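Student: Could you walk me through this structure? I have not seen it before.

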Amino acid sequence: MLPVAAVLALAVVPLGDRAPVDLDVGVVWFNAMEVVAWFVVWVAGWGPNAATSVAGGYRVLPLGLAYEIPHMLAIITPAIAAGSLSPGAIAAAQHDLWYAVWMPAAFLLYLLSVAAMAFWGPFAAPLGRDLAGGAAAEHAGLDRLLLLAGRWMLLTAAAAMAVPLFLGGGAPPPITGPDPLPGLPALWFAVKLVVVLGLLLVLRRAVPMLRMARFATLAWVVLVPLAVAQALVVTLVVLA
Amino acid sequence: MTELVLRIALTAPAALVATGLYGALSQQSVVMIMMGLELVVNGLILGAGAFWWAGGAPVVASVLIVVLVTVMAVEMAMGFAVALAIYRARQVDLTDDAEELAG
Amino acid sequence: MIALVSALGAVAVVTGLLVFTADSMARATFLLLGSFVAVAVVLIGFGLGYLGTVVILMMTIEMMIMVVFMVMLMMNPAGLMPMTMVHNRRGSWAIALVVFGLLTAGVWLVPFPVRAGAATGGVTSGPAAGPDATVALGDALMGGQMLTMMTLGLALLATIVGTVAVAVSRREGRAERRGIS
């Protein structure tokens, strides 16, 4: 199930210059597919009928409810600036300036929520070692492979979404002037994806695993107002 | 053709509304009653979508869907808040035990 | 279109019925989610891509929240015992069937005015060539239907305030709540 959700989410991300499935509401679709992952983790924890795994499954919910609101605000901010919900159009709108540059708060929030939606790194509590593996504790063999591979796929898909949303999609960086590698948007896309994944690895190194109650407080007291302020600034700039 | 699709697409909401009504009337648990109400609203969403499709995309129908989705969220939130309050006060979650809400 | 609507409509209804026969709360919740997703896919098929996707998004989150409450409040979350918690089953069935009969009769007997052009146009009625459905919805909500939007906003605000007021226990002090953070 988890790989399916990741593939469905990835389907709307423009790899290079066009998406496998170019939905005009791609951003919302991506968001919906990523919520399916909560469901999958919860069921994976619930299914084995074991105490530690169901506790792991339940940890997804406070995590999800905490990261989801800042995350939604972060992904609609570039959509507001581009005036479109289609990732391809959003990437095309960043011809002159990457959105990561003039909406840094949204970009950082998005990076944080990428780790959170793959329950990975600082947000690995649902599969935490303190629960003997959490939601994945009772799974073995192919089930376990699918669960853990799906988690990595989800992380990669979400990181890939950051490229069209904030880093200009398949276009070369604006500072290089004329495109040194014309006609290879997929290559630029891959380079940017590797950079985003590298940033996430730094995040995992730098931040210890968070307790969900602590993260929920942080999310609602700090991150949500920050995201609202960012969206407000962008909206005012767009309207002006 | 359009008419037939519309009729089929409106029969399903009729069945959904009836099912939800049965659930809301017969279930004892507060959570299950809320599921029944959600089914009713679900049927209404499908009906509004069908009219949107068959009626030449009137924007009012899609506004109605937005309203319905909001109604669902409000119902869930208030329902669970009240259920929680009753449970805190009385340790019950069945409607038959909560006939008297005073106090 | 007929096949899509009939098949997914049937899926929505059957999963809806199964909600009240499943003997586990987890299964009931996810059958309900299945019903919602079927309806959402029909909406997407109708051309309401944005609203359909939003329904999937919202309902998944909502069912996940429901799962929390279900295990918190239900005496029988795992379906270890058969779950029959009904009262007045016969009366409820009767009312439901009467309602279904009335609604269905209405649906099949009322002559619907068919939009000009749709009858000759063949299978695809649906959105006329015009502005994008999402754009039209946004325009309406921020324009002609502003009153609706404001009412919804106020209702949601009232819900937030009311929910917190009702749900927060009186005994639970501020210090206690600070303790977990």
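This is a predicted model: local features need pLDDT of at least 70, side-chain atom pairs count only at pLDDT 80 or more; totals for chains, interfaces and linings use all residues.

Student: What secondary structure does chain B have?

Tutor: Chain B has three helices and zero strands, where helices (H or I, at least four residues) and strands (E, at least two) are DSSP runs numbered from the N terminus.

Student: Now α1(C), which of its residues are buried?

Tutor: Val5(C), Leu8(C), Gly9(C), Ala12(C), Val13(C), Thr15(C), Gly16(C) and Val19(C) are buried, meaning that 20 or more other C-beta atoms, placed from the backbone, lie within 10 Å of a residue's own, whereas exposed means 12 or fewer and partly exposed is in between. Seen down the axis of α1(C), the buried residues fall within an arc of 165 degrees (taken from the directions from the helix axis to the C-beta atoms), so they line one face of the helix.

Student: And which residues are exposed on the other side?

Tutor: Ile2(C) and Ala3(C) are exposed there.

Student: How many residues of chain B are in contact with chain C?

Tutor: In chain B, 65 residues are in contact with 75 residues of chain C, a contact being two C-beta atoms, placed from the backbone, within 7 Å. The largest share of the chain B side, 22 residues, comes from α1(B).

Terms used:
Residues are numbered from 1 along each chain as its sequence is written. Chains are lettered from A and ligands numbered from 1 in the order in which they are written.
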